[in-house]
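Here is a set of questions and answers on how some structural labels are assigned. Each answer sets a value against its definition.

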Amino acid sequence: MTDWAVPTRNVPRQRDIVDRRELAGRVFALAEEHGDAARPHVLETLREALDNGRAELERRLEEKPSAGHECAHGYTFLTDQLVRVIHDYVTNCVLPASNRTTAERLAILAVGGYGRAEMAPYSDVDIAFITPMKRSPWCEQAVEAMLYLLWDLGLKVGHSSRTIADTMRMAKEDLTIRTALLEGRFVWGDQDVYDEVRARFWKDIARGTERAFLVHKLDERDARHQRMGDSRYVVEPNVKDGKGGLRDLQTLYWIGKYLHRVQSAAQLVDVDLFTASEYRSFRRAERFLLAARCHMHVVSGRCEDRLTFDLQRAVAERMNFADRPGKSAVERFMQFYFMQVKRVGSLTATFLSHLDERFAARDKAGKRKKKAPTREIEGFLADGRWIRTPADDWFERDPVRLVQMFAIAEREGLEIHPEAMRQADRDSRLIGKSVRRDERANALFLDLLAGQRDPEPVLRWMNEAGVFGRFIPDFGRVNAQMQFDMYHHYTVDEHTIRAIGLLSQIERGLLEDDHPRATTLVHKVSSRRALFVAVLLHDIAKGRGGDHSVLGADLAGRVCPRLGLTDKETDLVRWLVLHHLLMSSTAQKRDLTDPKTIEDFVAEVKTLDRLRNLAILTAVDIRAVGPGTWNSWKGELIGTLYDAAEERLRLGHKRKDRSALIAAKRDAAARVLGDQAELIERVGEQMYDAYWIAENPEVIARNLVQFQAARAQKHDISIHHEIEEERGASHVTVIAPDNLGLFYRIAGGIHLAGGNIIDARIHTASSGWAIDNFLVQDNNGEALREDDRVERLKQTIRDALTANIELVPKLAARPLSHSRAAAFDVAPRVDFDNDASNRFTVIDVTARDRPALLNRLAHALYKANLIVHSAHVTAYGESAADTFYVTDLTGTKVTGPERLASIEEQLLEAGSDRRQREHEAA
């Protein structure tokens, strides 16, 4: 505990918030006037003061939307005054005692965020009631009376009530209580009791436990980061507990106070834990985060610390961020937010590394350890795990060393010494045109980027020191830039660094189980360094108001020669950046059994080397989007496309006959069937080529067994459910007589049962039976596991197919769930492509993702008299991209302009989320 400077003393125009003396006078007058019946009148007066104070503070926040400290201190001041008035009312009017004993003394301490004076409008009020000895009945009654008044005011009060002895004992046993006492602030009551607690805390609790406290707080911090996503760049960050958030700042203050007993945060500079500029950076970050949190509370009307998509828009507007060309107000706000937490993270690492080094230099007995021998590496000094500079002006004498230090760290497996990180951060401004054009600097950077050991953490250090963005200015432009959607989990720079790290892991064979193909291909590419540069540049032009692939390719044409790449390598990088979305888009949105799909893809790729590079880039790009975005289903789709394209590129027009591929599938399915392999001939002969090419051997085997059983038992409808663990989904197969509208009815039945279709493969046998395979998840993105849910799913599909239920009114009556996607405006869009297939018209529909969207679109196609031959469902966060391969009733493409316009109108109506919007607004 310290005499932490009371920040509420600096709150301007305090009496406009609440005039404690005037309020106390009114309360005492009511007590005198109404006697024992005064409580409701007193409570109403206190509530009025609270409401008026909050209104004044909200007005001030609106006037000065970035004044985080002033706002937080203002709410703390308001709470202090109310607590003081309540204390005085209870002790003087409710429970008056003329001659209190030594046991009838009470001190009120503010702890937690209240103790730090970091209160937002709906923060908890954390209070500790301390008595000198075993509590007297008077103390218990007084505490109870005060708490009931606070609760009745609607305040969320966290409280403890202990004696001094109990407080000391529990603080020794529980570091959480110790932390609460560390930041405890005297509010009101008996000053002598507080002073005794404070003296005993430092004498009996803190002394000799500094190392244990530091270790505990660092472990606590790591666990919190893990819970919050272990990255400061998640797109819906927690302002309080997230990485780089307010709790990280608080942890530093706690550690600084506990180890050095400073009287204020500014004194952390005096004990060399911060430089003056670092302290100013922390205060700026703290001010912004506190302001954002206060706005979040005001907008949501509750204690809300997660900066959700809907709050991001509102807070950006309240904090006066405006749209700029290529970047919306909310994207600019979030970029500024991420710049602040990045700064917190960078300085936190330096701060903690300093402390770690200080404690590591001594053994458990406190004696200084023998230092590791120092060796010289290209002028830098290395000892133990650290690399450091030999002098404070080391970078000023040769700014290229700023790049060299990080290259050495990656090559030698060293960490940057905290003092060297401070110097790099300070001196990054020295990187100008001359350094960026320096051949040695560019060669060093390329060595780091394509490092053989592990470039990801070193590139992240380089980014946090500001060197990365200075050396590659275009990368600096996407530094901390978020993408305002639900698909991307990280900022552009973090996504890029993660993708580079994934490429390195694939090259080192660490991800062979998830990416076996890429692990093999990465050693066959013509230029590994060109591939690493392509990963670096693939998203570098985002936020510029145009197609980032086209703009990025132009940038690559300028950056690659600077880095020392040859003309051939530069051409490869430019092509990869320009087409880095081609493979994922084709694999997920096109029918890979259609020969035209492969022909068009190969016509764009042209060479095996491009194909190899593109397959690897696609894998790391998808996986670096965020947890769960890469799965075996996407891997299977991309692998199927790769194999077909590779065969075509190797053999040209003399490519292997489709019959050979089908024969291989039949053989593989026969091996899965075992004793039932004869079904390949007996049932499989009814299947067309497209079926054998589209499905994998396990699915084929299940389909044939199901088909045979259904025909033997003379069932008109057969439904099979199986969980596919790797895909995290249920595989549902429906076999029924084919007819117009079958697809939309199945889709409607699945939705009514609470399922969402994430992929559909639709087949018709020569005998006129439909074999439709669906991947289905529940609303939580998981497989349907409970037996009752599976049975309900099967029954609902049967009812839909036999017309036992009316789908359209049932679906319309189904309650809509609120969705995070509500924060986004996704205008439905319909595109027709009659060149993508020789047989079918391909329709791409983009709309806001929501339950039953696929059913609505399929129903619109049914009403338009179109036959759906295959459907491909792709989710990109809040957006869904559904692709349909269709023909008209005569089996031909749809080409008439008026007919296409009519279909488009129906699909746009089906894709509209007007009803969902009205529901969410209500």
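The questions below take up confidence, helix packing and strand pairing in turn.

Q: What makes a residue count in this predicted model, and how are residues numbered?
A: The model is predicted, so local features need pLDDT (the predictor's confidence in each residue, from 0 to 100) of at least 70 and side-chain atom pairs count only at pLDDT 80 or more, while totals for chains, interfaces and linings use all residues. Residues are numbered from 1 along each chain as its sequence is written, and side-chain values use heavy atoms, with hydrogens and water left out.

Q: How do you know what confidence the protein chain has?
A: Its pLDDT averages 87, and 91% of the residues score at least 70. Residues 1-5 stay under 50, and the model gives them 24 contacts (heavy atoms within 4.5 Å) beyond four places in sequence. Residues 915-922 are also below 50, with 22 contacts beyond near neighbours in sequence. Where pLDDT is low, the predicted coordinates should not be read in detail.

Q: Why are α7 and α8 called oblique to each other?
A: Helix α7 (residues 164-173) and helix α8 (residues 175-182) pack at about 120°, with axes 5 Å apart. Axes are lines fitted to C-alpha atoms, for helices over the stretch in contact, and angles run from 0 to 180 degrees between N-to-C directions. Angles under 35 degrees count as roughly parallel, over 145 as roughly antiparallel, 65 to 115 as roughly perpendicular and the rest as oblique. The pair α7 and α8 is therefore oblique.

Q: Which residues make the contact of α7 with α8, and how do they divide?
A: Thr-167, Met-168, Met-170, Ala-171, Lys-172 and Glu-173 of α7 meet Leu-175, Ile-177, Arg-178 and Leu-181 of α8. They divide into six nonpolar, one polar and three charged. Ala, Val, Leu, Ile, Met, Phe, Trp, Tyr, Cys and Pro count as nonpolar, Asp, Glu, Lys and Arg as charged, and the others, Gly among them, as polar.

Q: What makes α2 roughly antiparallel to α3?
A: The axes of helix α2 (residues 20-34) and helix α3 (residues 39-63) cross at roughly 165° and come within 9 Å. That angle makes α2 roughly antiparallel to α3.

Q: What is the hand of the crossing of α2 and α3?
A: α2 passes α3 in a right-handed crossing. A crossing is left-handed if the near helix is turned anticlockwise from the far one by less than a right angle, and right-handed if clockwise. In the contact, Leu-23, Arg-26, Val-27, Leu-30 and His-34 of α2 meet residues of α3 including His-41, Val-42 and Thr-45. The contact divides into six nonpolar, three polar and two charged residues.

Q: Which residues of α16 and α17 meet?
A: Leu-402, Met-405 and Phe-406 in α16 meet Ala-420, Met-421, Ala-424 and Asp-427 in α17. They divide into six nonpolar, no polar and one charged. The crossing of α16 and α17 is left-handed.

Q: What makes β3 and β4 edge strands?
A: Four strands form an open sheet in the order β3-β2-β1-β4, with mixed pairing. The strands β3 (157-163) and β4 (185-189) each pair on one side only, and are the edge strands. Two strands pair if DSSP finds at least two bridges between them. Helices (H or I, at least four residues) and strands (E, at least two) are DSSP runs, numbered from the N terminus.

Q: How do you know that β2 and β3 pair?
A: Strand β2 (residues 125-131) and β3 are joined in the parallel sense over seven bridges. The bridge partner of Ile-127 is His-159 in β3. Helix α7 packs on this sheet, touching β2 and β3, and its direction makes about 110° with that of β3.

Q: How many bridges join β7 to β8?
A: Two bridges join strand β7 (residues 386-388) to β8, and the strands run parallel. Ile-387 stands opposite Ile-416 in β8.

Q: What do β9 and β10 form?
A: Strand β9 (residues 718-724) and strand β10 (residues 729-737) pair in the antiparallel sense over seven bridges, with His-720 partnered by Thr-733 in β10. They form a hairpin with four residues between them, and Gly-728 in the turn has a positive phi of about 60°.
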